[in-house]
Amino acid sequence: MSTELKVTAARLHRVRLPLVHAFRTSSHRKTLLDHILVELEDASGAVGWGEIASPSDPYYAAETVETCWHIAEHYLLPAVLGQSWERPEQVPQLWAKVRGHQFAKAGVDVAAWVLWASAQGVPLAQALGGTRSEVVAGVSLGIEPTIDDLLAEVDRQVAAGYPRVKLKIAPGWDVEPVRAVRAAHPGLDLHVDANGIYSEAGEHLTALRALDEFGLTMIEQPFAPRNLLAHARLQQVLRTPVCLDESIETLDDLETAIALEAVRVLNIKVSRMGGLTAARAAHDRAQQAGIPVWCGGMHEFGIGRAANVAISSLPGFSLPSDVSASEKYYARDVITPPVTADNGVVRVPTATGLGHTVDTGLIAAHTVATLTL
């Protein structure tokens, strides 16, 4: 069924939610998050929701909440308003002249997909071509004050049924924490994420090579995003697969990494790649190249988390994805029902569109800024 859609109103909501547990990476620590929720309304009054899950500071990527708001207000939403389109893949073409700003684009792109899926009367996962009815979830754990604190947190997540645990690492917090977790959980699907903080300097490289002995599923993003040559060199001396995250913002980045043999596993983040349209294309290319993929997360609220669950239902997502239950991060989420996990498994929603009801009352209570175009 073909349905022409035209966005007649668009809204931005800057929403602030506290985390139930502080989260520290190699670059920063956070106790609350500001994300921008995108609301697109068509002529019939139907609404599609998306989420701009940008960090507040330019440590993970160049974008911040403020830059995303500016780009969405002045470039992306004006490009969409009043324009007719039949398929959500056509929406990014409306802002094709805008370079970069993937997080901002992702929120609008997801909202367009949700609006279209609702108009078609199908679940978002089905609209994307998903084939799974459930998704295996993993958890991501930050840097803790002590190794004992880390072990206690790992124990909690394993007891909750999560089959995969990712540990954030940084120079000085790498080999010994991993050794301790591996000793406590010999059979656990375990991998580490450096968020690009390492270099090829002697002691850094020594630590990364030492991680090879722990049977990790992958070492994620050890070097800076653009340093694909260093990743290729590291992969030549490691048995453990190197996974790329921050390095892959576009399909061109992925093609380069494949050509250099710098990537053996791909973390696909809807936010980092500019939305569901690009994320699905990256999945297709990785599948063609024989590269397993999984869906990474940005501590999304329920709207972004639901989009991640939907994309994770595609067949190439063969590794556990960062789609753990809402309650791991938020006391109360912006959707009902929240995303839940049963022994580390998340059901793919079968309801139309996003598959969840957006809690507009909660959003209003936690909104610190709003804009209507």
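Modeller: A crossing of two helices is called right-handed if the near helix is turned clockwise from the far one by less than a right angle, and left-handed if it is turned anticlockwise. The model in which we apply this is a predicted one. The two helices are H9, residues 251–260, and H10, residues 276–289. Their crossing is right-handed. The angle at which H9 and H10 pack is about 20 degrees, and their axes lie 10 Å apart. Angles under 35 degrees count as roughly parallel, and H9 and H10 are therefore roughly parallel to each other.

On the H9 side, the contact is made by Leu251, Leu254, Glu255 and Ile258. On the H10 side, these residues meet Ala278, Ala281, Ala282, Arg285, Ala286 and Ala289. Sorted by type, the residues of this contact are eight nonpolar and two charged, with no polar ones.

Next come the cysteines. A disulfide is a covalent bond between the sulfur atoms of two cysteines. The whole structure was searched for disulfides, and zero were found. For Cys243, the closest cysteine sulfur is in Cys295, and at 12 Å it is too far away for a bond. To count as a disulfide, the two sulfur atoms would have to be within 2.5 Å. Cys295 is likewise in no disulfide, the sulfur of Cys243 being its nearest at 12 Å. Cys243 is buried, with a relative accessible area of 0%. Cys295 is buried too, and its relative accessible area is 0%.

Some backbone details remain, in the loops. His299 sits in the loop between strand S12 (293–295) and helix H11 (302–311). Its phi is positive, about 55 degrees, although His299 is not a glycine. With 8% relative accessibility, His299 counts as buried.

Asn343 also has a positive phi, near 55 degrees, and is a residue other than glycine. Asn343 belongs to the loop between S13 and S14. At 55% relative accessibility, Asn343 counts as exposed.

Pro337 is placed in the loop between strand S13 (335–336) and strand S14 (345–347). The peptide bond that leads from Thr336 into Pro337 is cis, and its omega is near -10 degrees.

Conventions:
Residues numbered from 1 in each chain as written. Predicted model: local features only at pLDDT ≥ 70, side-chain atom pairs only at ≥ 80, totals over all residues. Heavy atoms only, no water. Axes fitted to C-alpha atoms, helices over the stretch in contact; angles between N-to-C directions. Helix = DSSP H or I, 4+ residues; strand = E, 2+ residues; numbered from the N terminus. Parallel < 35°, antiparallel > 145°, perpendicular 65-115°, else oblique. Contact = heavy atoms within 4.5 Å. Nonpolar A, V, L, I, M, F, W, Y, C, P; charged D, E, K, R; others polar. Buried < 20%, exposed > 50% of the residue type's maximum accessible area, 1.4 Å probe, protein only.
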